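Here are a few notes to go with the model you asked me to look over. Keep the 3D view open while you read.

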Amino acid sequence: MKRHLLHRPERASIPAAIILGASLILTGFPATPAAAAEPQSWQAGVASTIITPEEPLWMAGYAARQQPSQGTIHDLYVKALALRDPLGNRAVIVTADIIGYTLEFRRDVAETVSARFGLPPEALLLNASHTHCGPEVRPAKGEFVNMPPEYQDKVEPYARWLRDRFVETVGAALENLAPAEATFSTARPIPFAVSRRLPTEKGIVYRSTPSSYYTGGPRDDTVPVLRIAAPDGALRAVLFGYTCHPITLSIDYFCGDYPGYAQRAIEESHPGAVALFVQGCAGQLIPNARFQLEYAVGHGKALAEAVNKSLDGPQTPISGPLRCGYTETELRFQPLPERRVLEDIAREGASPGRERISSLISKQKAGWLLEQMDAGRPIPMTVPCPLQAVSFGKELILAGFGGEPVVDYAVALKEKNPGRFVWAAGYCNSMFGYVPSLQVLREGEYEGGRAFNGTAFPGPFAEDVEERVLGGMDTLIRRLSD
């Protein structure tokens with residue numbers, strides 16, 4: 001696999017592991033006497049590792065691919081930002097140029113990091129940019145994307161190698177902790193996100209090409225920017241985000257898409273600093289120009305220019321303390337149609353005239369479900385959705401949703417928490433499929449349930465999905481704010 005590069009300082013001692021096993025796990029309540037005796041300043045550490053595969057692998061994100069990766073446009077990275085508040089509470093935010101994580105991957109990394117570096121699992125947040133120009137890292141996807149067996153056999157070995165790179169990168173960031181100034185600002189780039197859910201008199205029409213962009217509907221264009229500088233003012237790290245699918249490109253070459261270009265542009269503007277991109281709740285939002293490399297470069301440049309302008313503008317100091325919480329809520333799927341209905345779909349295909357859930361099941365998926373039934377294999381009717389929050393004090397809270405949430409969740413969460421900035425991120429810790437709001441679920445179409453045709457889950461979700469997701473996050477944020 002690829003040689004990996006780390007920003008490594010001199011080794012520092014790390015306290016023994018602390019593992020909390022509650023269903024709702026919180027840290028930072030309150031600092032221990034030992035932690036309170038630590039130096040009264042923020043500390044930060046950052047590390048970056050190349051994770052570009054050295055050999056051709058099957059790529060993620062598009063089921064219609066016909067060949068493995070053909071080369072590399074620019075390297076893919078995993079990056080980690082470690083923070084420690086004046087009370088000694090720590091948190092690590094990890095970003096990566098990949099499609100997403102399995103929950104098993106997240107749990108494995110968190111457990112290993114906890115054992116080696118004493119970081120509680122709830123203090124480790126994994127976010128994926130969701131680039132569709134990276135390798136497939138979810139073993140179960142192979143049979144749904146026509147992946148040849150020889151490439152299916154390579155998914156798990158790469159995922160294991162990737163896990164080790166994540167652990168090493170987190171460790172390097174923690175070892176690199178040094179006095180720092182942490183400040184926050186926001187940016188407003190030229191918005192390039194548009195919705196692919198076009199409202200019509202006949203209902204929602206799914207559009208993924210530039211011919212019918214919809215600029216209305218919910219959106220989240222404000223770019224959060226967390227600035228990490230040395231005491232002398234030298235920029236060390238920039239954590240920033242945007243809410244838009246990174247699907248400018250549809251190619252068989254490794255590339256970070258617009259988030260990769262944005263990070264590169266920021267780092268070129270600030271030599272020695274590391275830029276980390278956090279993807280938002282981008283379920284139905286896509287770029288307004290696609291399928292040319294120049295568009296990915298342009299989107300990235302526009303985002304980087306907004307971030308750089310924000311870095312030079314007024315800053316809000318982060319007061320702390322750092323508080324972290326993590327929970328998993330079970331999302332339920334609607335009952336499957338009767339077997340005879342699945343047999344009809346497998347024979348004739350889905351039809352808009354059928355009952356709603358049947359109309360969202362493709363001919364191929366109906367056949368797969370029947371195969372599972374005939375083989376006596378269980379079909380999962382629930383899926384765990386991880387929810388995580390990192391509170392930076394009264395100024396900022398980072399809320400991480402599992403799955404691929406629609407932007408409605410970001411809008412709702414901001415409305416529920418008007419007193420401070422809520423940074424809503426999707427694609428955190430587990431990427432099992434789209435998480436619709438109740439409105440999107442009832443409207444149907446791709447994000448409303450049809451996208452589950454490409455997964456081992458039945459889909460669509462039950463109508464309490466929004467209640468479980470938003471309710472779970474509300475509880476988490478409330479506990480962190482007490």
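**Notes on the pocket, a strand pair and one glycine**

1. Let's start with what lines the largest pocket: 25 nonpolar residues, 14 polar ones and eleven charged ones. Keep in mind that this is a predicted model.

2. That lining takes in 50 residues, and R138, K141, A451, G454 and T455 are the ones that lie nearest the centre of the largest pocket. Which elements give two or more residues to the lining? They are helix α2 (103–117), helix α8 (363–374) and strand β17 (382–391). As for the space inside, the largest pocket holds about 1200 Å³.

3. Now have a look at strand β20, which runs over residues 421–425. To find your way around the pair, look for I397, which stands opposite V422 in β20.

4. Next, find G256 in the loop between β12 (235–242) and α4 (257–269). Is G256 buried or exposed? Its relative accessible area is 0%, so G256 counts as buried.

5. What is G256 in contact with, once you leave aside its neighbours within four places in sequence? The answer is H74, L76, D97 and T131.

Definitions and conventions. Residues are numbered from 1 along each chain as its sequence is written. This is a predicted model: local features need pLDDT of at least 70, side-chain atom pairs count only at pLDDT 80 or more; totals for chains, interfaces and linings use all residues. Side-chain values use heavy atoms; hydrogens and water are left out. On a 1 Å grid over the protein atoms alone, a cavity is a set of points where a 1.4 Å probe fits but cannot get out, and a pocket is an open set with protein on both sides within 12 Å along at least five of seven lines; lining residues have an atom within 4 Å of a point. Grid points are joined across faces, edges and corners, and a volume is the space filled by probe spheres set on the points. Helices (H or I, at least four residues) and strands (E, at least two) are DSSP runs, numbered from the N terminus. Ala, Val, Leu, Ile, Met, Phe, Trp, Tyr, Cys and Pro count as nonpolar, Asp, Glu, Lys and Arg as charged, and the others, Gly among them, as polar. Buried means under 20% relative accessible area, exposed over 50%, partly exposed in between (1.4 Å probe, protein chains only). Two strands pair if DSSP finds at least two bridges between them. Contact means heavy atoms within 4.5 Å.
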